[in-house]
Amino acid sequence: MPMPDSYLDYPARRYGMDHDRYDWSDMFARAPIRWPEDARVALSILTHVQHFPLNMPAKPFKAPGALSMPYPDFRYFTNRDYGNRLGVFRILKLLAEKGLTTSFAINGCIAQRYPAVIDAVVAGGHELVAHGLDMGRVHHSGLSEAEETGLIADTLRLLRDASGQPVTGWLSPGRAQGFHTPDRLAQQGVEWCLDWANDDLPYEMRTDHGPLLAMPLAYETDDRVVAMEYFHSEPDWVQQVKDRFDVLWRESADHGGRVMSLPLHSWVSGMPYRVEYLREVLDYMLARDGVWAAPAGTIARAFRAQG
Amino acid sequence: MRADLGLYDYLPWPGRPKITWPGGKKLAVWIAPNIEFYEYDPPDNPTRTPWGRPNPDVLQYSHRDYGNRAGWQRMMAAMDRAGFRGSVSLNVALCDHHPEIIRACADRGWEFFSHGIYNTRYVYNMTADQEREIIRDAFDTVRKHTGQELAGWLSPALSNNLWTMDLLAEAGIRYTCDMFHDDQPMPVKVASGKLISMPYSLEMNDVIVYNSQKVTPRHYAEIIRRQFDQLYKDSDDSGMVMCIPLHPYLVGQPHRIDAFAEAIRYIARHDGVWQATGREIAEAYHASGAYDAMSAAAKGGR
């Protein structure tokens, strides 16, 4: 069956991106960013707190980390739930020891299922980021406007009510979006989003309801990706995070401030045998001059304040 | 379906005609950065789906886009420091999208070869005439933006048809990177012209190493050094070729660039290394008579 000649048409072949969501920009050619306290690197630590429903649908795709055994999957349901019972508290304890205030990306349903997690995150001075309703509810173009708008509204309401925080940051389950997700997020008061993996600095996206700031979130040094997709050892994860930090810190001398993001999962780094590797990573970065650790929303506001 | 590609003759390593590189160098080393554009909303091809999730797959799309916003600068700086010019495996539509990147490469004397229009458009299910149109577009676009006449080809996302090599040779392409059967350039059996298969490498390719083999960045540097050491030794008797194919969205990540940069500096420190481009290797292969000698040896092969 030969391809129709229309396969050789390229309607979006033009200068810049092949969509209107944001403009292309060379990260090394931009005006330098200055962080508060004259910091060279803004350190953005973000812990995922997730609920994987036992009956999560396989279509149109499963978010990474999804249950993968035949129903009923006792194995992974309980392994992931470990993060909500112990792992998140182990990470909170370490962050408190280091005096860090950070971000927690939390599924909306956690507010109903495990209010103690929300209370502990808020009491620790951390920021809540909306992480979708649960890990079975992925965002994609097949959702109707009513369905997707409802998912966003439910998530924001649950987290805002439980925390008393404004909750203006968003991370989609599996970092998956449909064509209109950014429009619908902005419509409901979301100001910044962590889904896109194309930069080490924030940049503005356009939506039908005003700007949405894309915030950096490392993809390949994410603890889950390194452990569960690459099968690298914990010392290898530590090495990669240190190497990433070193390069960003070095670049800041010539090119202005950078964002070093550290994505963690309560059910990955919160494991007893892993948490001391997290301590090693934190100690390494915090020992360096010019590191400003802050919640992602604080970094977003500092970026926007520079106009 | 055929049981053999039928594109080259078997020619065992022992007893081959000797290859001599310019300046008496032992080993030609070339670096092939794949500078690519993956579309946000590509059309479907019945043989292969571009993205793992329904369009738009914003995580994977933005991961690729990282290469064109940030990664290429780190990759280029590492190559500059080691004295390597790139032979760019180019999705030629990138000339239209990001001419700034093309100019930075051209200013350094880098070569451009074609890697199709987009990495999300495959030649599967195409007629020969449709595929000719892709080749014509690539020649025209690269000529218009760089003044260069295409010499090399790597099919988009390694998608091929059995007649692809005939069409490339007919259009004047000098070397293809689509086959991985040798560490020396070899003649390809085509209907017209003189096409050679240039050693490229799956296993030195950062996308295979990082994404498929799941190796760590520092182990990738170790792999590169070991591959180089062995080929350098093997080239005592007859010149060989080492290729390092790269993707700025992968090797240009902050946690990967330093280990890679050190590996290519290590290579560049060796006197017998010829830091070449694909086009230069192809030209030297013809000029030294290696093409004719290999063709004759292969025809007389067992």
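Analyst: Contact here means that heavy atoms lie within 4.5 Å. Please keep in mind that this is a predicted model.

User: With that meaning of contact, which residues does T102(A) touch, leaving aside its neighbours within four places in sequence?

Analyst: T102(A) sits in the loop between α1 (74–97) and β2 (103–106) of chain A. Its relative accessible area is 2%, and because buried means under 20%, T102(A) counts as buried. Once the neighbours within four places in sequence are left aside, the residues in contact with T102(A) are I45(A), L95(A), H126(A), E127(A) and P295(A).

User: Where does α1(B) bend?

Analyst: α1(B) has 25 residues, of which 20 are buried, so that the helix is mostly covered. From its first C-alpha to its last it reaches 34 Å, close to the 36 Å expected at 1.5 Å a residue. After the helix comes G83(B), with a positive phi near 80°, whereas the bend of α1(B), about 60°, is at G71(B).

User: Is D20(A), the salt-bridge partner of R14(A), buried or exposed?

Analyst: The closest N and O atoms of R14(A) and D20(A) are 3.5 Å apart, and the two residues form a salt bridge. R14(A) has a relative accessible area of 33% and is partly exposed. For D20(A) the relative accessibility is 58%, and because the cut-off is over 50%, D20(A) counts as exposed.

User: How many residues apart in sequence are the parts tied together by D183(A) and R21(A)?

Analyst: The side chains of D183(A) and R21(A) meet in a salt bridge, at 3.0 Å from N to O. D183(A) belongs to helix α5 (residues 181–187) of chain A, while R21(A) belongs to the segment before β1 (41–49) of chain A, so the parts that this pair ties together are 162 residues apart. Both partners are buried, D183(A) with a relative accessible area of 6% and R21(A) with one of 10%. The separation asked for is therefore 162 residues.

User: In which helices do E280(A) and K242(A) lie?

Analyst: These two side chains, E280(A) and K242(A), also meet in a salt bridge, with 3.0 Å from N to O. E280(A) is partly exposed at 34% relative accessibility, whereas K242(A) is buried at 17%. The pair links parts of the chain that are 38 residues apart, E280(A) being in helix α8 (residues 275–286) and K242(A) in helix α7 (residues 234–255) of chain A.

User: Which residues are joined into one network by salt bridges that share partners?

Analyst: Side chains of opposite charge can pair when their charged atoms come close. Over all chains, the whole structure holds 42 salt bridges. Those that share partners join into one network D200(A), R244(A), E251(A), R258(A) and R74(B).

Technical notes. Residues numbered from 1 in each chain as written. Chains lettered and ligands numbered in written order. Predicted model: local features only at pLDDT ≥ 70, side-chain atom pairs only at ≥ 80, totals over all residues. Heavy atoms only, no water. Helix = DSSP H or I, 4+ residues; strand = E, 2+ residues; numbered from the N terminus. Expected span 1.5 Å × (residues − 1). Bend = angle between axes of the 7 residues up to and from the residue. Buried < 20%, exposed > 50% of the residue type's maximum accessible area, 1.4 Å probe, protein only. Salt bridge = Lys/Arg side-chain N within 4 Å of Asp/Glu carboxyl O.
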